[in-house]
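Here is a friendly walk through a structure, taken one region at a time. Keep the model open beside you as you read.

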Protein chains: 2
Amino acid sequence: MADTTNMNRKKRAEILVNMGNGIYKQIEKGENPSLTLPVRGLSNVKYSKESGMITMGSNTANRYFLNVGHVRKFIQTVSVASISKTLIDSDKHTSLRDVFYQMRRTIPGTNIDVVDEQTETDKAIEDLEVITDLTREQLHITANQAGQVAGEVTIEDRGDTIDWSKMGSGGWAIPSTTEDIEFKKVNAKFVIYMEKQAIWQRLNEDKAWKKLNCIIIASQGQATRGIRRLLQRLYHEQHLPVYVLTDGDIWGVYIYSAIKFGSIALAHVSEKLALPEAKFMGLTMDDIEKYGLKRHLIKFKDVDIARLKQIKNYEWFKNSKQWMAELEKMEKLGAKVELNAFTAKGLSFLTEHYLPEKLKEKNFLD
Amino acid sequence: MADTTNMNRKKRAEILVNMGNGIYKQIEKGENPSLTLPVRGLSNVKYSKESGMITMGSNTANRYFLNVGHVRKFIQTVSVASISKTLIDSDKHTSLRDVFYQMRRTIPGTNIDVVDEQTETDKAIEDLEVITDLTREQLHITANQAGQVAGEVTIEDRGDTIDWSKMGSGGWAIPSTTEDIEFKKVNAKFVIYMEKQAIWQRLNEDKAWKKLNCIIIASQGQATRGIRRLLQRLYHEQHLPVYVLTDGDIWGVYIYSAIKFGSIALAHVSEKLALPEAKFMGLTMDDIEKYGLKRHLIKFKDVDIARLKQIKNYEWFKNSKQWMAELEKMEKLGAKVELNAFTAKGLSFLTEHYLPEKLKEKNFLD
């Protein structure tokens with residue numbers, strides 16, 4: 001299959017046309033129309049050492065039109081393809097929820113609806129992703145947007161020229177689809193993604209992006225798909241290292257994990273969202289000693305301990321001696337520490353000490 | 001007390017200095033240092049028909065330094081005032097969480113910490129808001145930011161000139177503090193706040209802000225404090241009507257209610273956040289018939305019914321025949337309807353039909 005990563009709109013539409021033509025030919029030949037798609041679910045998801053990502057295995061299955069157990073899903077998948085084709089042609093985007101309403105109609109001459117619940121259309125959209133090797137965003141179906149960015153970067157998006165260094169205290173709001181942004185001028189040496197709005201606001205007010213010559217990006221907690229794709233594009237197209245800045249706790253580790261390795265639920269789009277080259281510049285257990293943060297420890301709750309045990313068992317962490325040592329230390333300490341604790345040392349300690357030191361010492365977890 | 005609404009930085013710092021001087025004089029006179037503050041809590045919160053907002057009553061209480069029950073809170077309130085003064089002087093901002101860490105120190109010669117939990121500093125910050133009649137934002141203590149804006153408006157913020165009509169698919173990310181934004185050029189007839197990111201994305205892609213000559217703002221769900229203040233400023237300073245666009249359900253009604261009347265928890269800052277002139281342009285029960293949305297009704301769950309019963313009892317809705325009729329209809333129908341349902345009628349139905357018709361017919365709930 002052709003590499004679909006940076007495929008333009010016309011080519012993406014062609015993939016959908018070819019899918020339709022394939023079904024049409026089957027009908028003409030008097031065959032039972034079918035779609036071949038990779039098996040989804042845990043049994044066919046694995047961590048690939050070579051690529052450093054969580055990816056789908058090679059098991060496939062056929063879905064038939066003339067099969068009582070398959071026909072509903074078959075129709076839903078083809079319906080999504082049709083909606084997506086219209087969206088791509090008109091260069092418009094729609095949300096998961098909206099696709100549900102667009103597809104929700106009664107099949108003529110019956111009292112059967114094509115879909116009853118949004119979970120069905122969501123599933124059909126994921127199926128279309130694996131069949132076409134295009135992401136939802138490339139199919140013009142978007143998630144909610146969240147997060148913002150600042151830095152000395154000029155982009156073009158939908159005909160507007162946008163300078164990320166002239167965004168005041170707010171930043172540029174990152175859209176749900178970062179697929180079609182064009183980088184016009186990039187003056188930055190690296191990118192920091194942070195999990196906390198408050199930290200971004202501090203770094204932006206300090207103009208840390210100017211002082212450290214970098215790009216700063218935040219949402220709240222997990223990075224959105226739009227942000228993950230943006231990080232990946234900045235790495236691949238602009239060759240900027242990407243660092244993940246989180247609290248020293250297991251939730252921070254998981255935020256890093258999803259950015260770097262991808263996730264089980266989104267294994268089928270890892271190649272367009274995961275970034276195995278991302279590095280962790282969040283608080284480590286050694287930083288607690290180094291920066292005298294002992295008094296700011298927050299004892300683990302049961303839920304923290306349970307999550308830690310889970311994550312220690314992830315194959316992609318088990319592969320890393322450095323990470324296993326870190327997680328052992330965290331478990332032994334039984335407490336977390338927040339980036340905000342640096343405020344006790346001065347409002348801009350993060351910008352003036354922590355970040356420059358991490359960068360100078362290349363003190364990242366990988 | 002002077003009107004603190006648009007008070008500049010220097011004057012805001014003076015209020016804090018005066019507060020400190022007051023305590024200092026009490027000490028010099030050999031008095032027990034005390035602070036006078038309005039009683040907070042339900043007993044002293046009321047809906048004011050005159051102002052059309054939820055506001056604080058006039059009951060006040062004294063808090064004494066030399067009182068075992070008061071001293072801890074007294075010290076915390078004065079500590080926040082000191083932190084805030086430093087922030088205002090240096091023109092820096094910090095988050096609620098960060099204030100907690102800044103204040104978290106042991107009183108010399110004791111083993112007592114000034115604060116143990118963030119709830120204590122949060123409370124102290126609210127106390128300082130009522131004592132000074134300044135909002136948290138005016139005291140340079142910020143919440144998380146969320147949401148974005150587009151429209152033909154040029155602002156100045158932190159030295160940057162920002163054109164909200166040239167923000168591509170993302171929009172300008174609205175900061176947590178919209179206090180110090182300067183409006184330079186405003187070409188808009190009204191403002192729409194919407195509760196859903198997906199709706200904003202649709203309106204932005206349709207360039208509805210250009211077609212309808214308006215400003216479009218969204219966060220996800222409840223409007224942030226930064227957005228509420230921005231809506232208020234656009235109304236008061238730019239004389240733009242503000243419309244709230246939500247689903248036809250009780251949660252949409254509450255989002256509208258908080259923007260318009262303020263909320264019980266934030267009664268002490270209603271004057272700087274609430275906007276009694278805001279109007280509801282969300283889906284009404286009559287719209288279901290009018291736009292043929294019956295097939296898209298979603299049956300109420302228990303939680304919807306419970307919330308509806310609560311809101312029907314709010315004094316500010318009881319005052320309005322129009323709203324009581326609407327809530328009765330909603331209860332009778334026992335179902336909600338989403339703006340996304342319009343997608344079934346065409347992707348841009350909202351931009352091309354619903355919004356222009358609401359505006360033309362002035363079909364708002366007030």
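This report looks at a predicted model, going from a sheet and a hairpin to helices and the nonpolar core.

## A sheet in chain A

Let's begin with an open sheet of chain A, in which 3 strands are arranged in the order 9-8-11 with antiparallel pairing. At its edges lie strand 9 (160-163) and strand 11 (182-186) of chain A, each of which pairs on one side only. From one strand to the next, the twist averages 20°.

Strand 8 (residues 153-157) of chain A is joined to strand 11 of chain A over 4 bridges, in the antiparallel sense. To find your place there, look for A:T154, which stands opposite A:K185 in strand 11 of chain A.

## A hairpin in chain B

Which strands of chain B form a hairpin with 4 residues between them? They are strand 2 and strand 3 of chain B, and in the turn B:G52 has a positive phi of about 70°. Strand 2 (residues 45-48) runs antiparallel to strand 3 of chain B, with 4 bridges joining them. One pair to look at is B:K46 and its bridge partner in strand 3 of chain B, B:T55.

In a regular strand, side chains alternate between the two faces of the sheet. Strand 3 (residues 53-56) of chain B is covered on both faces: B:M53 and B:T55 are buried on one side, B:I54 and B:M56 on the other.

## Two crossing helices

Two packed helices are described by the angle between their axes and the distance between the axes. Helix 3 (residues 96-103) and helix 4 (residues 118-132) of chain B pack at about 105°, with their axes 9 Å apart. Helix 3 of chain B and helix 4 of chain B are therefore roughly perpendicular to each other. Helix 3 of chain B makes the contact through B:L96, B:R97, B:V99, B:F100 and B:M103, while helix 4 of chain B contributes B:Q118, B:T121, B:D122 and B:I125.

Helix 7 (residues 225-238) of chain B has 14 residues and reaches 19 Å from its first C-alpha to its last, close to the expected 20 Å. Its buried residues include B:I227, B:L230, B:L231 and B:L234. The buried residues of helix 7 of chain B pack against strands 12, 13 and 14 and helices 8 and 9 of chain B. Just after helix 7 of chain B comes B:H239, with a positive phi of about 55°.

The largest nonpolar core has 189 residues, and among those touching the most other members are A:V191 and B:V191. Beyond its neighbours within four places in sequence, B:V191 is in contact with residues including B:L231 and B:L234.

Note on methods. Residues numbered from 1 in each chain as written. Chains lettered and ligands numbered in written order. Predicted model: local features only at pLDDT ≥ 70, side-chain atom pairs only at ≥ 80, totals over all residues. Pairing = 2+ DSSP bridges. Helix = DSSP H or I, 4+ residues; strand = E, 2+ residues; numbered from the N terminus. Axes fitted to C-alpha atoms, helices over the stretch in contact; angles between N-to-C directions. Core = buried A, V, L, I, M, F, W, Y, C linked by C-beta atoms within 7 Å. Buried ≥ 20, exposed ≤ 12 C-beta atoms within 10 Å, placed from the backbone. Contact = placed C-beta atoms within 7 Å. Expected span 1.5 Å × (residues − 1). Parallel < 35°, antiparallel > 145°, perpendicular 65-115°, else oblique.
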